[in-house]
Amino acid sequence: MAENNASFVRHELIKEQVPPVSQRGVVKWVSENLISSPFNVIMTLLSLWIIYSIIVNSAPWFINGIWDAKSVRECYDILDGVSGACFAVLKERFPQLIYGFKYPSTEYWRPNIAVVLLLAALAPVLFRKLPQQLLGFSAIYPFLAYWLIWGGTPLVAVIAFLGLAFGIYCFRRFSARSFAFGVIIAVIAASFFWVLGGYLSEANETFLALEAVPSRDMGGLMLNLLLGTIACSISIPLGIVLALGRQSNMPIIKWICVIFIEFIRGVPLITLLFVANVILAFFFPPDTSIDLILRVIIMMTFFNSAYIAEVVRGGLAALPTGQYEAANSLGLDYAQSMRLIILPQALKISIPGIVNVSVGMLKDTTLVSIISMFDLVGMIRGPILATSEWNGVYWELFGCAAAIFFVICFSISKYSQWLERQLETSNR
Amino acid sequence: MNRQAKLEVSDEVAIGIQGMNKWFGSFHVLRDIDLTVNRGERIVVCGPSGSGKSTLIRCVNALEEHQSGQIIVDGTELTSDIKNIDKIRSEVGMLFQHFNLFPHLTILENCTLAQIWVRKIPQAQAEETAMHFLTKVKIPEQADKYPGQLSGGQQQRVAIARSLCMRPRIMLFDEPTSALDPEMIKEVLDTMIELAEDGMTMMVVTHEMGFARQVANRVIFMDEGQIVEQNEPEEFFNNPQSDRTKLFLSQILGH
């Protein structure tokens, strides 16, 4: 191109080229992130030194770890003064860590199947791309899992399921006239079914019965997962209902929700667990014995749902009022506009908060060890560390518990990030 | 130039408002509004900001509640009865300044949603209707995109199509072009002019005086919550009566 010549025509297009070596790949990453300035270089070296010393100091402990021993004494004898872990406790007490110390060992297959089926039941809920017919199995799963874990006759679970289905059928049938009427008919119908079914199942206690395991025999990681899964799966819908109730125009509903949420949030979970353990029994009729797990689940569900309600309320508040107005102006009624327009958007905003609360809840299930239930931590603190064989093996046991919880919680967190990306529609 | 002659106006009343008052708390937003809109009429409402014009048309489909007086839309009186309100809302289309499309649904789903859930129309037929109106607003090729991927003008046209899918008998426009870039205003106004030519009853809050001249058969000027002046567009623009109107017109037509 001649100088001072403003006119210019390009005859050949410049081909796409790769950036220079210093501007791509590992070289670029290293020069930008590790050695971009003197201070940066010092920090890099310091970090490398810290990582190195952690590995060098802890590796022998892992590598020398003893997997076969009958007691901590034997571990020390084998190690003979060398630093090393006593992983033998994990191996020897594995069933106790997972199932607790009272669950009959011949029946371990039942919780195992329940966990595998749990994954199958969760899959269609978590991944919308899977065929949605699988949701039918998810609906049956809670009843199936109850039968597998607690045992007894499957009639109890079958009747509970059919009663619920019958109630929902009645609601569908009668709610066209009015919502409240539908709810009342459904509750009456389901209760009637359950009472009748109750006599039937009592009369046939041995029909296809598995060995019954009472609630107080549940323990170990199984108990944590049991409490966490049930509390989370009930408290999310309940929390959404509470959040909507709190925004309601109807003062009574609004105030019930506000008082519930504020009261539960104002009380520590431990207090609620003690209430479940000791005080709640006073509120039930004298002869009924609602079992402890159920009471704990009720309290944890309440606790979690109050927090989720506040998270969802934040999501609802973040939506522009235009969305409510647009939904209204198209003639959608309250239920439709909530279900189709408002909640899908509000829940998407609330995902990080909901996951935060739920992961917290899963970890808080270890608090039940305080009211003498033998969950994973309860097992470690009680029946395992208290024995003379394994007295003093803290690092291995609590490290194992930490690792198990970390794997579960980290997976949940990763899933939620993936879900957020899936739901992102604005700049795709 | 004057196309109004072509457009028929019937004697049937589409919107009748009598002695309507509204307060926000103790602030008297709308004062003694009397207004009758016949079927096929195209009303432009203008006025300075805070004059209550948006509130007025939001009262017509009960997005705002009025405290006294009477509003009859399409033969149904607006009361607090939720059934009446939902019925009126499904007959009255509404356009918003900020479009208010549903960002989590595709353009097509935005248009079919209310048909399927409110009108109980089967999905295939709803999609056919949606495509018909998306073609009418000239963006059928965007049907599978999400609102966030469209320009403002396109979004507002989708919003028009979404309303039309409900086959409304009346359309309300709340400053439909004031959030748009100048070049996009035209594409939206053109769509609205087409609607007017099809005989739609329209009530439009806007500052687009060109649109008012071309399409409206009545212009209403509001100030401080009351109707100050209303007239045919020619008379309104060329021969305003009140001082307040003259001042307003000189300000918005001055540049």
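Reader: Which residue of β4(B) stands opposite B:I17?

Author: This is a predicted model. In it, B:I17 faces B:I71 of β4(B). The two strands concerned are β1(B) and β4, residues 68–73 of chain B, and they run antiparallel, joined by five bridges.

Reader: How many bridges join β1(B) to β2(B)?

Author: Eight bridges join strand β1, residues 13–24 of chain B, to strand β2, residues 27–38 of chain B, and this pair runs antiparallel. One pair to look up is B:V13, which stands opposite B:N38 in β2(B).

Reader: What do β1(B) and β2(B) form, and how many residues lie between them?

Author: They form a hairpin, with two residues between the strands. In the turn, B:G25 has a positive phi of about 60°.

Reader: In what order do the four strands of the open sheet in chain B lie?

Author: The order is β2-β1-β4-β5, with antiparallel pairing. Its edge strands are β2 and β5 (76–77) of chain B, each of which pairs on one side only. Two bridges hold the antiparallel pairing of β4(B) with β5(B); in β5(B), B:E77 is the bridge partner of B:I72.

Reader: Now to aromatic rings. How many aromatic pairs are there over all chains?

Author: The count comes to 19 aromatic pairs over all chains. A:F62 and A:F87 form a pair at 6.2 Å centre to centre, with 25° between the planes. Planes under 30 degrees apart count as stacked, and this pair is stacked. The pair links distant parts of the chain, 25 residues apart: A:F62 lies in helix α2 of chain A, and A:F87 in the loop between α3 (72–79) and α4 (88–92) of chain A. A:F62 and A:F87 also belong to one aromatic cluster, together with A:W61 and A:W67.

Reader: Is A:F87 buried or exposed?

Author: The cut-off for buried is under 20% relative accessible area. A:F87 counts as buried because its relative accessibility is 9%.

Reader: Which residues form the nonpolar patch on the surface of chain A?

Author: The patch consists of A:F39, A:M43, A:L46, A:W49, A:I50, A:Y52, A:I54 and A:V56, with about 860 Å² of accessible area together. One of these residues, A:I50, lies in helix α2, residues 38–63 of chain A. A:I50 has a relative accessible area of 40%, so this residue is partly exposed.

Reader: Where does the charged end of B:R162 sit?

Author: The charged end of B:R162 sits over the ring of B:F102, 4.5 Å from the centre of that ring.

How values were computed: Residues are numbered from 1 along each chain as its sequence is written. Chains are lettered from A and ligands numbered from 1 in the order in which they are written. This is a predicted model: local features need pLDDT of at least 70, side-chain atom pairs count only at pLDDT 80 or more; totals for chains, interfaces and linings use all residues. Side-chain values use heavy atoms; hydrogens and water are left out. Two strands pair if DSSP finds at least two bridges between them. Patches are made of residues with over 30% relative accessible area and no salt bridge: like charges are joined within 9 Å, nonpolar side chains (Val, Leu, Ile, Met, Phe, Trp, Tyr) within 5 Å. Accessible areas come from the Shrake-Rupley method with a 1.4 Å probe; for residues, only the protein chains shown count as cover. A salt bridge is a side-chain nitrogen of Lys or Arg within 4 Å of a carboxyl oxygen of Asp or Glu. Buried means under 20% relative accessible area, exposed over 50%, partly exposed in between (1.4 Å probe, protein chains only). Rings of Phe, Tyr and Trp (its six-membered ring) pair if their centres lie within 6.5 Å; planes under 30 degrees apart count as stacked, over 60 as edge-to-face and the rest as tilted. A charge sits over a ring if NZ of Lys or CZ of Arg is within 6 Å of the ring centre and within 35 degrees of the ring normal.
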